[in-house]
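Colleague: I would like to go through this model feature by feature. Please give the general idea each time, and then the case at hand.

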Amino acid sequence: MRALCFRGDGGGPEVVTVPDPEPGPGQVLVKVAAAGVCHSDLAVMSVPGEALPFPLPLVLGHEGAGTVAALGAGVTRWQVGDAVAVYGAWGCGLCAACAEGRENYCPRAAGLGIFPPGLGAAGAIAEYLLVDDARHLVPLGDLDPVRAVPLTDAGLTPYHAIKRTLPKLRPGGTAVVIGVGGLGHVGVQLLRALSPATVVALDVSEDKLALAREVGAHETLLPDEHAAAAVRALTDGLGARAVFDFVGAPATVALAGAVAGLDGDIVIAGLGGGRLPVGFGALPYGTTVTTTYWGTRAELIEVLDLARTGAVEVHVETYTLDRAPDAYARLHDGKVHGRAVILPNG
């Protein structure tokens with residue numbers, strides 16, 4: 001089959017032919033209808049091959065959706081032809097976290113050599129994806145796989161982050177979203193759907209600020225030297241009750257700390273390498289700073305249900321498999337608006 005591979009030899013991703021996968025016991029083979037392109041992939045490709053904890057070459061793509069093509073021995077919950085989305089945070093399935101459905105926080109996965117598709121295991125930017133266990137599929141139903149596939153990460157990650165902060169997002173409060181890319185523009189929609197908070201979005205791109213306004217942001221700002229004061233002014237000096245940094249760069253995490261209010265939440269979801277000093281007096285009293293990683297399988301089902309109601313819709317750019325390297329180049333240059341989606345069989 002044809003797939004997009006990263007070889008780790010200094011070059012970019014390229015379309016190659018790899019052996020057709022076959023499902024073993026408990027596994028499911030999915031014919032991929034759509035696969036998402038994510039900044040996490042760029043992060044992986046920026047690491048020298050010898051420093052990665054998994055072997056190369058790697059088929060990219062940790063957002064996948066399609067139809068069941070074949071079932072391994074013992075799989076009874078699915079039938080060939082079922083429309084499915086892939087839950088990508090694969091865990092061991094045996095620990096307490098996995099038993100609760102929180103495979104994204106499985107403490108044993110890395111030690112056992114269990115990696116997500118496209119982030120260690122063969123990924124979804126291919127004609128077929130081998131899913132390691134039938135439990136990692138959720139029903140897609142009548143959702144369009146092209147628009148639904150980013151929800152498996154670009155929807156699930158902000159949903160997981162926002163859901164934990166909802167008790168603080170009361171009427172009159174403000175939520176700040178930093179970075180209105182693939183995750184951020186979904187985060188704006190989720191905040192509007194799930195909370196009464198005023199949503200303020202910040203991005204360096206005027207086009208992305210326009211997208212933020214289109215999907216529901218009440219206010220938009222450039223993250224310049226005046227941004228912190230502007231957020232303070234919008235909140236009558238109180239600061240934000242919750243700040244979601246979907247960039248995670250040094251400048252953005254510093255901005256997150258500058259706009260947070262008393263007893264606020266700061267969630268760093270971006271992979272930009274920034275660090276936020278935490279200590280008495282470093283941030284407003286009561287501030288909680290957390291990182292986040294993906295979400296639970298139950299939360300993915302909830303996100304898909306929100307999409308069915310029309311509460312969230314991902315803006316997508318579509319590419320054929322042959323043009324997948326172009327999608328990564330555009331993402332690297334900050335030119336993708338919303339989420340880039342590859343159609344491996346399109």
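**Cysteines, rings, strands and a pocket**

Modeller: Start with a pair of cysteines: the closest cysteine sulfur to that of cysteine 95 belongs to cysteine 98, and at 3.6 Å it is too far for a bond. The model is a predicted one, in which local features need pLDDT of at least 70 and side-chain atom pairs pLDDT 80 or more, while totals for chains, interfaces and linings use all residues. Residues are numbered from 1 along each chain as its sequence is written, and side-chain values use heavy atoms, leaving out hydrogens and water.

Colleague: How many disulfides does a search of the whole structure find?

Modeller: A disulfide is a covalent bond between the sulfur atoms of two cysteines. The criterion here is a pair of cysteine sulfur atoms within 2.5 Å, and the search of the whole structure finds zero. Cysteine 106 is a further case: its closest cysteine sulfur, in cysteine 92, is 3.7 Å away, too far for a bond.

Colleague: Is cysteine 95 buried or exposed?

Modeller: Buried means under 20% relative accessible area, exposed over 50%, and partly exposed in between, with a 1.4 Å probe and protein chains only. Cysteine 95 has 11% and is buried; cysteine 106, with 13%, is buried too.

Colleague: How many aromatic pairs are there?

Modeller: A pair of aromatic rings is described by the distance of the centres and the angle of the planes. Rings of Phe, Tyr and Trp (its six-membered ring) pair if their centres lie within 6.5 Å; planes under 30 degrees apart count as stacked, over 60 as edge-to-face and the rest as tilted. The whole structure has four such pairs. One of them is stacked, because the rings of phenylalanine 244 and phenylalanine 246 have centres 6.5 Å apart and planes at 10°. Both of these phenylalanines are buried. Another pair, tyrosine 293 with tryptophan 294, has centres 5.6 Å apart and planes at 75°, so it is edge-to-face. Tyrosine 293 is partly exposed at 37% relative accessibility, whereas tryptophan 294 is buried at 4%.

Colleague: Why is strand 9 described as largely enclosed by the rest of the structure?

Modeller: Strands (E, at least two residues) are DSSP runs, numbered from the N terminus. Strand 9 spans residues 174–178, and five of its five residues are buried, so the rest of the structure largely encloses it. Thr174, Val176 and Ile178 lie on one side, Ala175 and Val177 on the other, and both faces are covered.

Colleague: Which strand is joined to strand 9 by five bridges?

Modeller: Two strands pair if DSSP finds at least two bridges between them. The partner is strand 10 (residues 198–202), and the two run parallel. Isoleucine 178 stands opposite leucine 202 of strand 10.

Colleague: And strand 1?

Modeller: Strand 1 (residues 2–6) has four of its five residues buried, so it is also largely enclosed. Four bridges join strand 1 to strand 2 (residues 14–17) in antiparallel fashion, with threonine 17 as the bridge partner of arginine 2. Strand 4 (residues 58–59) is also antiparallel to strand 1, through two bridges; there, leucine 58 stands opposite phenylalanine 6.

Colleague: What volume does the second largest pocket have?

Modeller: Rolling a probe the size of a water molecule over the atoms shows where empty space is left. On a 1 Å grid over the protein atoms alone, a pocket is an open set of points where a 1.4 Å probe fits, with protein on both sides within 12 Å along at least five of seven lines; lining residues have an atom within 4 Å of a point. Grid points are joined across faces, edges and corners, and a volume is the space filled by probe spheres set on the points. The second largest pocket has about 240 Å³. Its lining has 15 residues, of which Gly172, Gly173, Leu238, Gly239 and Arg241 are the closest to the centre. Strand 12 (240–245) and strand 13 (260–268) each supply at least two lining residues.
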